[in-house]
Amino acid sequence: MTQVKMTVNGKAASGDVEGRTLLSQFLRDDLGLTGTHVGCDTSQCGACVVHVNGEAVKSCTMLAVEAEGAEVATIEGQANADGSLNAIQQAFQDHHGLQCGFCTPGMVMSAAALLKENPKPTEADVRHYLDGNICRCTGYHNIVKAIMAASGQDVSAIAAE
Amino acid sequence: MPKDGGIGASSKRREDVRFLTGAGNYTDDMNMWGQAHVFFLRSDVAHGTLTNVDTSAAAEMPGVVQIFTGADFEEVGSIPCGWQVTDKHGEPMQEPRHPVLAHGKVRHVGEPIAAVVAETLEQARDAAEAISVDIDELPAVVNMKEAVQDGAPKVHDDLTSNLCYDWGFVEENKDAVNKAFDEAAHVTTLELVNNRLVANPMEPRVAIGDYSRAGDEHTLYTTSQNPHVIRLLMGAFVLGIPEHKLRVVSPDVGGGFGTKIFHYQEEAFCTFAAKACNRPVKWTSSRTEAFMSDAHGRDHVTKIELALDADNNFTALRTDTYANMGAYLSTFAPSVPTWLHGTLMAGNYKTPLIYVNVKAVFTNTVPVDAYRGAGRPEASFQLERLVDKAAHELEVDPIALRRQNFITEFPYATPVAVEYDTGDYNATMDKLEEMADLSGFDARRKASEAKGRLRGFGVNCYIEACGIAPSNLVGQLGARAGLYESATVRVNATGGLVVMTGSHSHGQGHETSFAQVVADMIGIDEGMVEIVHGDTSKVPMGMGTYGSRSLAVGGSAMVRATEKIIAKAKKIAAHLMEASEADIELKDGAFSVAGTDKSVAWGDVTLAAYVPHNYPLEDVEPGLEETAFYDPSNFTYPSGAYACEVELDPDTGEVKIERFLAADDFGNVVNPMIVTGQVHGGLAQGIGQALLENCAYDSDGQLLSGSYMDYAMPRASDLPFYEVDHSCQTPCTHNPLGVKGCGEAGAIGSPPAVVNAVLDAMRSGGKDVGHIDMPVTPARVWAAMNG
Amino acid sequence: MYNFDVERPQSIADAVQALSREDAQPLSGGQTLIPTLKARLAAPSVLVSLGDVDEMKGVCMSDGGQLCIGGATTHATVAAEAAAHYPALASLAARIGDPAVRNRGTIGGSVANNDPSACYPAGVLGSGATVVTNAREIAADDYFQGMFTTALEEGEIVTEVKFPIPQAAHYEKFLQPASRFPLVAAFVARFSDGVRVAITGASNDGVFRWSEAEAALASNFSASALDGLSVDSTDMISDLHGTAEYRAHLIGVMTKRAVAAIG
């Protein structure tokens, strides 16, 4: 076992892990941060996306020891300081960008990474950026719409309630 | 009409807050004190005789708690099938034993042979690798038509053949149908495949068994769409646990689409092993396991024929379908190609004579059962492809041919045993044409051609039977369960309500839309209504969520229970205001006496019910809690018209969806936002079936598409913004909400429009191939264009 | 996964030293290796993570006018930092996998693995790049030796890849719809002294140069120069997603489109 230390959602976190322990396992099983989900084993679905040092990564495809000393951000740390939903989360609720909620943490974390590097993405930008996030419920329409809305764009011309 | 909450409002979903903040509670998020983990050693061959399973070395491995094999389950029941189909000779279907762990033989890749319970999952997996398994491999049967040939290897040695049943519907009509074909002016024939799919909810299945020695009580936490059904099937038929000693809990469920209806071996195993090991036992499916253990969907091979008279009226329809059951009968598998498929073959048309033949076949593949739409997508795909083909053969407009043959008078009894209560197929087609901008299509096609692309337009209609269903009817059809739904409405002293429903959300937003219904009936804020579901210890016996039934059946139960609450509350209000019960009116959360200014608030009445100081104790019991079980008198029949516009790259065969339009009639709508979202999701799955998804086996029964590396899940960049309308509303006449259900429509209605559009595009490029099978991959399109 | 130790060396020398341990394997991003380990298809006793070897990271131009990319440089970094120097290569990197994969996956990991459907091998071979290891420099033409096979010796790591900059280049890919790897992709690079065409995704032998196309384009750099040329489908991959004939056909289409994009 190796001790690993990192900062998760602004707080120091540490634990003893095996070499093979994945970052997703460390977050879920050791830290109890079960908002990060695991939906596949081939690094495709993106339910496990978190930020490591500000970059979106698939936490099921990164060893916990590789995050030694890193700043990790998960879905549990995304809300505003007063506990209210942040702009992306609020847009997902406002535009019905989630149904079962399982892919949602990864979607929100990917959306946050996208808007950081591209503050006003087009529809095509959003769809392309979500290549590594699979949703089975929404057909993506309302996810794409929510992300564009979260960027401050007017989405009223896009169909549906 | 939309308003601030209540029926018709697009209320934001309350469940979203926990899902968006990582506070959801999915089964895998739960861990029991002292739990052990199980790893299933699964067969890597499709068919073989198990000659030896030696666990002795594995049992000595670090961390191993106990190892189980098929021999440990000989005294345990078979995984049951919930539906018995009677064949065309009046005989029951062939029904094989379905063991928890394989015994004697393995019958599909992925079938569990042994289960290792260990301190950690990795230790369990290490030990599983040390189990020595000897299998004498047998030839696998994969192709259905070969499987029913004389001399084919048998999946189950104790059955007479691989034919589960040969179903004729309606057998008595067969001669009349054949005669109509003999007399037809034109016959259109189509042979097609409805491709095998994997449901792929993003949350893989999980089961945690827990056992309390103190009370001899079992608890199963599982990712189920219907916890009570699991309790009944597993308790009564597999493990012999009485229901009062067995609790089944499904917390937040991360999608289901049908595949989480069924009772699976892993659930029975974890429940069994928790007692045997005297500690909680947890199984979390990997995605790789899910591909070879979740029930698959579709997989039909069909020949369908349409007879028309000289005026292009449909005179008869005849189909011949092979339906894959896989190696065992999953919970509702036999009903899917029969009662959920044959009964829908009339579609939206007044075809007077129909005969449907279905041969259900055992093969060495994963069991096949209901997947979003279940039988109805297969029906709609055949029929709507066939009608389109007929239109082209007859050189008439596909929309006009459909309109000419639409059913226009309701109620309408079809020749395939169902009665449509309401519908207006011309209205949805009118709406579709309005949305489609057909007059602009030529210009759009020219613009595509200028880029070297072919553009195609395809349309289809659909009808589905939802809100399943009347228990007495499905009982006659072979269901071994009732299909009612339950609700208990508990009013607290301070006026808030808890509604315990037998329906169970796995993404549909019941906590929001169900609360809207109850709040609307009383005239109180939605926030005063809490929805509880997914726990057999909390809610009355319910049948769960599938078949687009939750609002139509579960919602109706809630309405009935709430009506009882209101009736009782009116008695109390009448007493408080010293008025006649008949004069009491409830509006906006207050009771008043008609024609007076007397009024008491909802909260005054609920408080009186629990603090009955001034109370009609001689006439009314204290308390305010009511239960209702609602059993509908008919299915509901959502319908609609869909259209698709594609752009096809003739150099690569790639098809891009440019537009997808859906005009649906769902009857009344409670939450338009949620309904629209359900249609979107269904469309993505239907388009996925049409263009991308294919669960393929090789001739040895090896799964070729066993991960997301080979099973193409629709991604954001594969799909457009959809154009969706549900303003055409012919309310259901036989449930109190007038609702029809919307969960499956998108998946049922969309595949034919996509394929019709692709064929239209190919024709515009000078290639009329008649039909192309799904998924319409670039490779298939290119081969067809160059064949 | 089977368990393993993880070493996190800070220098190439330490990495090479760590890799001398029995059954050691380098981990350079892990976007292919970790899923492979999850499936228990490999059982290294120690993984040597190259993620902390700073001397293997970064993108720069050499004095000789070559684009030098450290072996541990992520696809996202190449996409951003190579854009000004070698836009076609940056564009290739920007389209590998998905954003999260690009933030972890590295050029060295991709080139060392030599997946027959990977993007980078086409860029490296199509550019005529030089693969630099801790021990030597290997020309791309000598480096790629078939599906999942390279000239690397046991314990040898890709520390850098050096790309000559062509006059113009383009990477055109057609996606396998499930994995989103290339079903077939073509990297076409035009140099003053000739044209290189590298094809990935198609062949049972992994990435290869389409020499007939190179010859035709050398004398006439236009899509029409490829008319009538075809690839023998004998050695092409045939699977659920496309027959050998289809892949052979797509090679022509992708190459023509790459040429047309260069103009």
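Here is a short tour of a predicted model, stop by stop. Local features need pLDDT of at least 70 and side-chain atom pairs count only at pLDDT 80 or more, while totals for chains, interfaces and linings use all residues. Residues are numbered from 1 along each chain as its sequence is written, and chains are lettered from A and ligands numbered from 1 in the order in which they are written.

**Stop 1: chains A and B.** Show both chains: 47 residues of chain A are in contact with 48 residues of chain B (contact: C-beta atoms, placed from the backbone, within 7 Å). Now pick out helices 2 (87-94), 3 (104-117), 4 (123-129) and 5 (141-150) of chain A, each supplying at least two residues of the side that touches chain B. Helices are DSSP runs of H or I, at least four residues, numbered from the N terminus. Helix 2 of chain A gives the most, with four residues.

**Stop 2: domains of chain B.** Colour domain 1 (31-138 + 205-284), domain 2 (296-469 + 634-785) and domain 3 (484-630); the bounds come from an automatic or database domain assignment. The C-alpha centres of domains 1 and 2 of chain B lie 36 Å apart, and their contact takes 22 residues from domain 1 and 24 residues from domain 2.

**Stop 3: the core.** The largest nonpolar core has 401 residues: buried Ala, Val, Leu, Ile, Met, Phe, Trp, Tyr and Cys joined through C-beta atoms within 7 Å, where buried means 20 or more other C-beta atoms within 10 Å of the residue's own. Helix 15 (residues 550-576) of chain B contributes its largest share, twelve residues. Finish on Ala114(B), among the residues touching the most other members; its partners include Leu41(B), Phe68(B) and Ile131(B), not counting residues up to four places away in sequence.

Key
Two residues are in contact if their C-beta atoms, placed from the backbone, lie within 7 Å. A residue is buried if 20 or more other C-beta atoms lie within 10 Å of its own, exposed if 12 or fewer, and partly exposed in between; C-beta atoms are placed from the backbone.
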